[in-house]
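Let me put the structure up, and then I'll walk you through a few spots.

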Amino acid sequence: MNPIADLIADSGRVPPQRLAKPVESTPFFDVGPEGFLMLPPAGGRLHYAPGAGLALANPPDRPEGDLLPFAWSSGFAAAAWFDGRVPLRANAVRLTDGNLILIASDRDDLQEGMAVALSETFGLAVSDAPVVIDPEDASRVCTNGRPITQRRTRKDADAPPVREGARRLQLDCPTIDGLAVHPCVAMISLGDGRGPEADLKDLPLMASVAEIRKHIFMPLVGTAIWGEDTISAAHMVLANTLPILRYGLAPGAMPSAELASDLMAQLGARFRERETR
C-alpha cells in the first residue's frame with residue numbers, strides 16, 4: 001500500500017472541459033474511465049486520471065493555488081477510490097505510540113473540535129478530513145498530510161482561511177505525515193449529546209456498518225467506480241475489521257480539554273482490557 005498523496009502530484013496537464021464517457025455526471029463533477037473531473041462552483045477545473053496525477057485549471061480572477069484545498073480533499077478521495085481504497089469523512093489523531101485513531105461525527109463542529117482538543121491537550125499530531133483506509137487491511141490508513149481545518153464560527157477568528165473568502169480556517173496544529181502509511185487501531189464515533197454522561201462503548205456489527213456507510217466520503221464517485229455491490233461488501237469488511245466505538249456525550253457537551261482527557265483515559269483502559277483478553 002502506497003500513500004495516496006504520492007498519486008496526486010500536479011501533472012501540469014490541462015484538464016478537460018467535461019469527460020467524454022462519464023459513468024456518473026452532475027453539474028459539479030464527472031466520473032468514468034477517464035478519471036474524475038470536478039467543477040467547483042467558483043470556477044476552474046480539477047481532473048484526476050489514474051496513473052497521470054492531477055490537472056488543475058485555476059478559476060479566472062482567483063489567486064494562484066485556489067484549487068489546492070479541493071485537490072487535498074476531493075482529488076485525494078478520487079485517487080483513493082481509483083486505487084481500491086475507501087476515503088472516510090473523519091479526522092485522524094496520532095497517539096503517542098504511533099497508532100492512529102479516527103474521529104467521526106454527524107456534526108463537523110464536534111468532529112473537528114474533538115481532534116483539535118486532543119491535539120492541544122496532549123500535543124498530538126492530527127490531519128484534516130478525509131482519510132483513506134485499506135478495505136483489505138483496516139489497520140492501514142493514509143492521511144492527506146494537511147493541517148486540520150475548522151468551520152469559521154466568528155468573523156474575528158485568528159486562523160487564516162484555507163482559500164480566499166473560504167468559510168473554513170486552517171489551524172496551527174502538528175500534522176500527521178501524508179507520505180506514509182500509518183497503523184490505525186479504532187474509529188471513534190462521537191455521540192449526539194443525548195446521553196446522561198460521556199462514555200465509550202463498542203458498537204455492534206450492524207451499527208458499525210451504518211457508521212462506515214454514513215462517513216464514506218464522495219459515495220457517488222465511489223459507487224460509479226466500484227459498483228454498489230462492491231461498495232456494500234467494503235462496508236461490511238471494514239465494520240468487521242476496524243474497531244468502532246461510540247463516545248457518548250452529555251446534552252450540550254462540546255469538545256474541551258476535559259472531554260479530551262476523559263476520552264483518552266477511557267480509550268487507554270479499553271486498549272489495556274483488550275491486551276489482557
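Let's begin with strand pairing: strand 15, residues 199-202, and strand 16 run antiparallel and are joined by 4 bridges. Strands here are DSSP runs of type E with at least two residues, helices are H or I runs of at least four, and both are numbered from the N terminus. Two strands pair if DSSP finds at least two bridges between them. In that pairing, Leu-200 has Tyr-247 in strand 16 as its bridge partner.

Before I go on, a word on what you're looking at. This is a predicted model, so local features need pLDDT of at least 70 and side-chain atom pairs count only at pLDDT 80 or more, while totals for chains, interfaces and linings use all residues. Residues are numbered from 1 along each chain as its sequence is written, and side-chain values use heavy atoms, with hydrogens and water left out.

Back to strand 16. Strand 14, residues 182-190, runs parallel to strand 16, again with 4 bridges, and there Ile-188 sits opposite Leu-245.

Now helix 3. Its buried residues are Ser-208, Val-209, Glu-211 and Ile-212. Looking down the axis of helix 3, these residues fall within an arc of 160°, so they line one face of the helix; the arc is that of the directions from the helix axis to the C-beta atoms. What do they pack against? The answer is strand 6 (86-88), strand 14, helix 5 and strand 16. Contact, by the way, means heavy atoms within 4.5 Å.

In the loop between helix 3 (205-214) and helix 4 (219-226) you'll find His-215. His-215 is buried, because its relative accessible area is 0%. Skipping neighbours within four places in sequence, His-215 contacts residues including Arg-89, Asp-106 and Met-187.

Next, helix 4 against helix 5, residues 228-241: they pack at about 115°, with axes 7 Å apart. The axes are lines fitted to C-alpha atoms, for helices over the stretch in contact, and angles run from 0 to 180 degrees between N-to-C directions. Helix 4 brings Gly-222, Thr-223 and Trp-226, and helix 5 brings Glu-228, Thr-230, Ile-231 and Ala-234.

Over in helix 2, residues 108-122, is Gln-111. Buried or exposed? Gln-111 counts as buried, because its relative accessibility is 2%. Not counting residues up to four places away in sequence, Gln-111 touches Asn-91, Ala-129 and Leu-190, among others.

Last, the rings. There are 3 aromatic pairs, where Phe, Tyr and Trp (its six-membered ring) pair if their centres lie within 6.5 Å; planes under 30 degrees apart are stacked, over 60 edge-to-face, and the rest tilted. One of them is Phe-29 with Phe-36, tilted, at 6.1 Å centre to centre and 35° between planes. Another is Tyr-48 with Phe-82, with centres 6.1 Å apart and planes at 45°, so that pair is tilted. Tyr-48 is in strand 4 (residues 45-49) and Phe-82 in helix 1 (residues 68-82), 34 residues apart. Tyr-48 is buried at 3% relative accessibility, whereas Phe-82 is partly exposed at 24%.

Conventions: Buried means under 20% relative accessible area, exposed over 50%, partly exposed in between (1.4 Å probe, protein chains only).
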